[in-house]
Amino acid sequence: MIEIRNINKTFDNRHVVKDVSFKFLPGKTNLIIGESGCGKTTIMKLMVGLHEVDSGDVVFDGENFPKLDVKGKQEIRKKIGMLFQGGALFDSQTLEENVGFPLDMFTDLSKEEKLDRVNFCLQRVKLEGKNKLYPAELSGGMKKRAALARAMANNPRYLFCDEPNSGLDPKTSIIIDDLIKDITQEYNITTIIITHDMNSVIEIGENIMFVYKGENWWTGDKTEILGTKNQELFDFVFASEFMKTFFKKD
Amino acid sequence: MNPFFHIGRYFMLMFRVFSKPQKLSVYWRQILHEINSIGISSLPIIAIISIFMGGIITIQAAFGFTSPLVPLYAVGFTTRESILLEFSPTIVCLILAGKVGSNIASEIGAMRITEQIDALEIMGINSAGYLIFPKIAAAVLIFPFLIALSMFLGIWGGYAMGVSSGACTEYQYVFGIQAFFQPWKLYYSFTKVIVFAFIITSVSSYYGYHTSGGALEVGKSSTSAVVYSSILILLFGLILTNLFFHR
């Protein structure tokens, strides 16, 4: 489990994250949703230490991340897998090398064992046989899936996904969502997903935090979100005519 | 921005670059890869420039020595001194600052803006050490060989051009390149090369690593890397020359 407690972040006198607290549960798909620029990605970057928190705690299974030394932080990070918005695959490496990279760095597996693990991960994201392709030769959806394969290669305990569906067609989005949900449940991972895709929210939103102007504005799950009385969340969820038509507020 | 800010941030980055490697076998593989990418790929440009510059220096020297009091073996002597002391260690390193420096800054800068460096950090990898240390180590290892080759080809180019154009005889040239040779000058040259190799790779990596924004900023980082590497090469060239030629 990951718990954030009263985290704050200010950039150039702009208070971007305001006293946010939330519990991200293991084995569940935890979603951070909100409008563009509301502070979702900043919260995620604060959690993984890409930004330093001004105040507050980020607790990974009892260990307060911001208070750890460099080595302690590295140890936690070895348990993290992250799927970036653009994939962030290493351009100079093939798919096989990309997925095998965390194994190269942190395990003493033999070449054959590594290849087995890489092939398993690639097969899991339906990219089997694409080992020798470079990121430049992949489509957007394939890049996301490859990045997911890399994120899961070293059996992470925590999985962070920054807008895994952005720029993807609805069919591929569902494939990615299902993959993330399956992996989360199968390995009891604490998964945190940033999204503003309402399909994802309704499909896989088991534990949701709605961020509004840098604050934790609402928490709940996918069933509660459709009946919300919270005006800001309502405006966010029912922004499209489609949503208004099919899931009208009473 | 305040130059002290950059100097401080540069040394903080270098501290991370030279912290204990996480997995030596991976670093070693990277060093070999960088030796190929930084060193071997620079061979053709260095060879072409060195041969032509050697020829040009020889012809200019022969043209300048019109007095009967100056022996013609001075052509070979001048060519050797120019190439060994300044052309190969400094001018070739300035060329490498352009070729290798811009390449390093744009490669690391592109990795920064596409979140590849963030990905390394989140995996628990010291991204500065993983990305920059192999480049510095490779350059410090391979540059002396590149410059030695440049020296050889420069002197050979001078010989070919000098003898074929009739500027001097073979005997005069060969005698000239051996005359009054002081081996310590090679130590001076190769000390410069090692310092310049470090400057080119570390300064370029610094600018690439701290790129923020988009493609435009990658271009700016690349330009800054070449400009500041070149200035530092000249500055440290002057400092080392003062140290070695101090009476």
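# Reasoning through contacts and exposure

Q: How many salt bridges are counted between chain A and chain B?
A: The count between chain A and chain B is 3 salt bridges. This is a predicted model.

Q: What makes the pair Lys23(B) and Asp108(A) a salt bridge?
A: The closest N and O atoms of Lys23(B) and Asp108(A) are 3.8 Å apart. The cut-off is a Lys or Arg side-chain nitrogen within 4 Å of a carboxyl oxygen of Asp or Glu. The pair therefore passes.

Q: How many residues does each chain bring to the contact between chain A and chain B, and what area is buried?
A: Chain A brings 25 residues and chain B brings 18 residues. The area buried between the two chains is about 1800 Å². Carbon and sulfur atoms give 62% of that area.

Q: Why is helix 3 of chain A called mostly covered?
A: Helix 3 covers residues 95-106 of chain A, and 10 of its 12 residues are buried. Buried means under 20% relative accessible area. Among the buried residues are Leu95(A), Val99(A), Phe101(A), Leu103(A) and Met105(A). Glu96(A), Asn98(A) and Asp104(A) are also on the list.

Q: What do the buried residues of helix 3 of chain A pack against?
A: In chain A they pack against helix 4 (111-124) and helix 5. In chain B they pack against helix 2 (24-39), helix 5 (116-122) and helix 6 (127-165).

Q: Into which domains is chain A divided?
A: Domain 1 is 2-79 + 158-246, and domain 2 is 91-155. The contact takes 16 residues from domain 1 and 12 residues from domain 2. The domain centres, taken over C-alpha atoms, are 25 Å apart. About 1100 Å² is buried between the domains, with 70% given by carbon and sulfur atoms. The count between them is 1 salt bridge.

Q: How do you know that Glu186(A) and Arg124(A) form a salt bridge?
A: Their side chains meet with N to O at 2.7 Å. The limit is 4 Å, so the pair qualifies.

Q: Which residues are linked with Glu3(A) in a network of salt bridges?
A: Arg5(A), Asp57(A) and Lys67(A) are linked with Glu3(A) in the network. Over all chains, the whole structure holds 20 salt bridges.

Q: What makes Glu86(B) and Lys192(B) a link between distant parts of the chain?
A: Their side chains meet in a salt bridge, at 3.0 Å from N to O. Glu86(B) is in helix 4 (residues 73-113) of chain B, Lys192(B) is in helix 8 (residues 184-209), and the two are 106 residues apart.

Q: How do you know whether Leu243(B) is buried or exposed?
A: Leu243(B) has a relative accessible area of 61%. Exposed means over 50%, so Leu243(B) is exposed. Leu243(B) is found in helix 9 (residues 215-244) of chain B.

Q: What makes Leu243(B) part of a patch on the surface?
A: Leu235(B), Phe236(B), Ile239(B) and Leu243(B) form a nonpolar patch, with about 360 Å² of accessible area together. Patch residues need over 30% relative accessible area. Leu243(B), at 61%, therefore clears that cut-off.

Q: Where is Asn155(A) placed?
A: Asn155(A) is in the loop between helix 5 (140-153) and strand 7 (158-162) of chain A. Phi of Asn155(A) is also positive, near 50°.

Q: How many helices and strands does chain B have?
A: Chain B has 9 helices and 0 strands. Its C-alpha trace spans about 70 × 35 × 35 Å along the principal axes. Of its 247 residues, 47% count as buried.

Methods:
Residues are numbered from 1 along each chain as its sequence is written. Chains are lettered from A and ligands numbered from 1 in the order in which they are written. This is a predicted model: local features need pLDDT of at least 70, side-chain atom pairs count only at pLDDT 80 or more; totals for chains, interfaces and linings use all residues. Side-chain values use heavy atoms; hydrogens and water are left out. Patches are made of residues with over 30% relative accessible area and no salt bridge: like charges are joined within 9 Å, nonpolar side chains (Val, Leu, Ile, Met, Phe, Trp, Tyr) within 5 Å. Accessible areas come from the Shrake-Rupley method with a 1.4 Å probe; for residues, only the protein chains shown count as cover. Helices (H or I, at least four residues) and strands (E, at least two) are DSSP runs, numbered from the N terminus. Buried means under 20% relative accessible area, exposed over 50%, partly exposed in between (1.4 Å probe, protein chains only). Domain bounds come from an automatic or database domain assignment. Contact means heavy atoms within 4.5 Å. Buried area is the accessible area (1.4 Å probe) that two parts lose on being put together, summed over both.
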